[in-house]
Amino acid sequence: MPAASDAPSQEAPDSRKAPDLRGGVPHEETPLEEATRKKLGLQRWDRPALFRETAEAAVDTDLPFWLVLLLSGAIATLGLLLNQTAVVIGAMLVAPLLGPLLGLSLALAIGDGRLAAHTFLTILCGMLGVIAVAAGLTLVLPFTEVTSEIAARTRPTTLDLAIAIFSGLAGAIVTVSRERRLSASIPGVAIAVALIPPLGVSGFGLATGQWALVKGSLLLFGANLGGIVIMGMLAFLAVGMHRDDVREAARKWHDMETEDTFGARIASLPGMNRLGVLRSPLARVALVGAFVAAVAIPLSSSLEQVLREGRVKQAVAMAVNRLEADDEASVLTREIEFGERSTSAALRIATTAWISDEERRTVEAEASDAAGEPVALRLEQVLASRGDIQALADQLPTDPTPAPAPEASGAPPSLDAVRARVADVLASMAVPTAWRWSAARSAWATGRPR
């Protein structure tokens, strides 16, 4: 007989026994399930009620559900197009997809094929609807630029999968614990998972013909989907939601469905009544795990590329610091082009003394060693001055055969006079050094004797 604190007095002594899903062999609740259930504040007699509440929230897909879902897709798309982070976060809060996802996790945990089909079709239809809304808005509005909010959801990595896994576990714990004080955490879970924005990016990419965006965003949505479902499923299994009392509650709950509900229509499909997903909980976990592993393969490749780009950018930054170390040069712009196995970096530099090719090769070798791959540095040097016009003139190449001076009524100004005039003008102007050089060169060209 279980302890009085763990079960009501009218509970039968053998209530912990349930037929095994693999072959109908009775077995007791495992110590791990009992310990986890108690730690989360879930009693055995609460499990059927937990199933009903989670399932009802998952299949509550009437007109308001679809309207709110499509509106959240429209909000997310506008936030992505306008590059407004706050608007995108608002769309995450509005989106009602977390309920069907947890319902799918529960269905897979207990082996309820009817509920699994219902929730999966809800998720699929919702996904297609949000993509259609996003594509329609993109076609109507004059926005085709890939904003930073859009770009951030086109290159998912395994870190995004980890976020989805932790978020799915958090959502399942909030659902299983049945603690009202934790219900406020659900909006935070919705933000962390970010289900709707990737679908908005998919619609944008579809409308603009940028298939790389569609591929990356759908991969991110798949990672979120897999992470939530597998962790929710494991959490439900950990508290014994696959035991016979819950499965009996599921059967009774399905019997109460009227013929005009979405679930009843699904059940009427040929072969649906014989659909048991898979009879073993382990097999169901393996099925979802295989999907997550398939998603993780391209995510790992993307993570490697992100790490490589970060390493190369750090190496180029080190090269920039090396060139600027003697305070004779300043890098104005940098452009990095990643190849398959090498990188090319173009630097535009303002310098008071020409950087030799030997020095460039030395810095290039150091950058290649730091990046772990060949890094080619291309320097575009702009001669600059700190106000010493004579030093600037000495850097300029001289013309040994000047053109004959044109006939003029007055004598042309001397070179010293031109230099003095330019120096006076530059000294009176608060302009950048590179502009000073440009003005000096222009004055030199116009004032030169011909």
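Alanine 345 stands opposite leucine 377 in β5. This is a predicted model: local features need pLDDT of at least 70, side-chain atom pairs count only at pLDDT 80 or more, and totals for chains, interfaces and linings use all residues. Residues are numbered from 1 along each chain as its sequence is written, and side-chain values use heavy atoms, without hydrogens and water.

Strand β4 (residues 343–351) pairs with β5 in the parallel sense over 9 bridges. Pairing requires at least two DSSP bridges between two strands. Helices (H or I, at least four residues) and strands (E, at least two) are DSSP runs, numbered from the N terminus. The open sheet has 3 strands in the order β3-β4-β5, with mixed pairing. β3 (329–338) and β5 (375–383) are the edges; each has a single partner strand, so one side of each lacks a neighbour in the sheet.

Helix α1 (residues 31–39) contains threonine 36. This threonine 36 touches Ala238 and Val239, leaving aside residues up to four places away in sequence. Contact means heavy atoms within 4.5 Å. The C-alpha atoms of threonine 36 and valine 239 are separated by 5.9 Å, though the two are 203 residues apart along the chain.

Leucine 93 is found in helix α4. Two accessibility values follow.

| Residue | Relative accessibility | Class |
|---|---|---|
| Leucine 93 | 45% | partly exposed |
| Threonine 36 | 21% | partly exposed |

Buried means under 20% relative accessible area, exposed over 50%, and partly exposed in between (1.4 Å probe, protein chains only).
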